[in-house]
Amino acid sequence: MSRYDEEAKYDRPKRRTRPRTKDRPSYDSAAIGFVFTRDRGRYACWVEDPDGGREVTAMKARQLGRTGVIVGDRVKLDGNASGDEGSLARIVEVLPRTTLLRRSADDDDPVERPLVANADQLVIVVAVANPEPRTGLIDRFLVAAYDAGMRPLLCLTKTDLADPDPLLSIYRPLGVESVATHQNGDLSQLREQLDDRTSVLVGHSGVGKSTLVNGLIPDANRAIGVVNEVTGRGRHTSTNTLVLRLPEGGWIIDTPGIRSFGLAHVDPEQLIHAFPDLAEIAETCPRGCTHTADAPDCALDDAVAAGRADAARVDSFRRLLASREGRELRETEEPT
């Protein structure tokens with residue numbers, strides 16, 4: 001028979017792979033974990049159970065692709081979620097986030113950097129002296145909090161070194177709540193504000209965040225730095241974002257010291273919605289109104305002139321807008 005006999009049959013080799021299916025596991029019975037830190041591709045998750053809870057180490061499942069998993073995320077865990085030594089679970093799904101705190105490297109960087117998910121409150125830690133408070137950075141933190149849908153809280157430290165009232169007077173028109181502390185002082189007021197909340201602590205290096213954490217959670221053992229007498233800047237001591245459980249209930253998320261906070265990701269039009277009284281007035285503004293002091297025919301100016309809006313509050317809001325549009329504060333201190 002010829003090698004090219006017409007009756008010979010040459011079948012295509014059979015595929016050795018399993019046929020694709022649109023069916024996907026539901027993971028309805030998967031354990032729900034809370035991501036409290038990440039280290040080189042491994043995620044430490046807290047899983048509540050009848051015994052109080054357990055720590056589970058997990059990795060991100062391949063099917064999540066480029067889906068990011070960040071501190072604060074609530075996730076579904078498949079595989080070995082026992083928390084036993086040497087066990088490893090898989091993060092197979094990230095549950096919808098209620099809030100998302102974000103930043104960009106600077107005001108020209110269009111890339112968002114998610115920091116923390118599902119936090120209720122942004123605690124802006126500010127020293128009233130040594131180092132001197134930087135209102136521009138505080139304003140930026142406030143903008144980020146309003147953009148994320150988080151409640152801002154000013155926590156003033158080192159109040160034994162200077163009077164906190166001049167700084168507080170700047171933020172009273174915005175209705176931002178505050179607490180005052182000093183070294184070795186009573187933290188009961190701060191504890192009340194943190195109870196049963198998930199709070200993110202942010203602030204410039206040297207303002208006393210680590211001291212607060214150690215005071216709230218004595219076994220936290222966060223490293224404490226000092227302020228350079230020449231530059232007035234704090235030494236960077238906390239190098240990673242870490243979630244810690246409060247003894248009375250709730251969580252605090254300690255972040256590395258920050259010298260700048262880019263806001264390129266924030267839509268200025270959305271900022272006014274954090275101020276319902278001003279947002280209602282602004283509905284009558286001309287289309288495209290920026291609500292800034294030089295905006296023509298801005299309804300906020302008419303409302304101030306007519307006594308329907310507080311001038312100090314409008315000025316404070318416009319200061320936040322200017323902070324969003326600024327180009328200062330580019331240097332970052334924490335690792336990226």
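Trainee: Which residue of β5 stands opposite L77?

Mentor: I91 does. This is a predicted model, where local features need pLDDT of at least 70, side-chain atom pairs count only at pLDDT 80 or more, and totals for chains, interfaces and linings use all residues. Residues are numbered from 1 along each chain as its sequence is written, and side-chain values use heavy atoms, without hydrogens and water.

Trainee: How do you know that β4 and β5 pair?

Mentor: Two strands pair if DSSP finds at least two bridges between them. β4 and β5 (residues 89-94) have five, in the antiparallel sense. They therefore meet the rule. Strands here are DSSP runs of E, at least two residues, and helices are runs of H or I, at least four, both numbered from the N terminus.

Trainee: What joins β1 to β4?

Mentor: Four bridges do. β1 (residues 31-39) runs antiparallel to β4 (residues 74-79). A31 stands opposite L77 there.

Trainee: Which strands make up the open sheet of six?

Mentor: The order is β10-β9-β8-β11-β13-β12, with mixed pairing.

Trainee: What makes β10 and β12 edge strands?

Mentor: β10 (177-180) and β12 (242-245) each pair on one side only. Neighbouring strands of this sheet are turned by 25° against each other on average, direction ignored. Inside the order, β11 (residues 198-202) and β13 (residues 251-254) pair in the parallel sense over four bridges. V200 stands opposite I253 in β13.

Trainee: Which strands does α1 lie across?

Mentor: α1 (residues 135-148) lies across β8 (121-127), β9 (151-157) and β11. It runs at about 175° to β8. Axes are lines fitted to C-alpha atoms, for helices over the stretch in contact, and angles run from 0 to 180 degrees between N-to-C directions. α4 (residues 209-216) lies across β8, β9, β11, β12 and β13, at about 155° to β13.

Trainee: Why is α1 called largely enclosed by the rest of the structure?

Mentor: Because 11 of its 14 residues are buried. Buried means under 20% relative accessible area, with exposed over 50% and partly exposed in between (1.4 Å probe, protein chains only). Among the buried residues are F141, L142 and Y146, but also D139 and R140.

Trainee: How does the span of α1 compare with the expected one?

Mentor: α1 reaches 20 Å from its first C-alpha to its last, close to the 20 Å expected. The expected span is 1.5 Å times one less than the number of residues. Just after α1, G149 takes a positive phi of about 80°.

Trainee: Which residues does UniProt list for "binding site"?

Mentor: The unreviewed entry lists C285, C289, H291 and C298. Positions are in the numbering used here, feature names are shortened, and annotations may be inferred rather than shown by experiment.

Trainee: Why are C285, C289 and C298 called buried?

Mentor: C285 has 12% relative accessibility, C289 has 9% and C298 has 1%. Each value meets the burial rule, so each residue counts as buried.

Trainee: Where are C289 and C298, and what do they touch?

Mentor: Contact means heavy atoms within 4.5 Å. Not counting residues up to four places away in sequence, C289 touches E269, A295 and C298. On that basis, C298 is in contact with C285, C289, H291 and R318.

Trainee: Why is the count zero disulfides?

Mentor: A disulfide is a pair of cysteine sulfur atoms within 2.5 Å. For C285 the closest cysteine sulfur, in C289, is 3.9 Å away, so it is too far for a bond. The sulfur of C298 is also 3.9 Å from its closest, again in C289, and too far for a bond. By this rule the count comes to zero.
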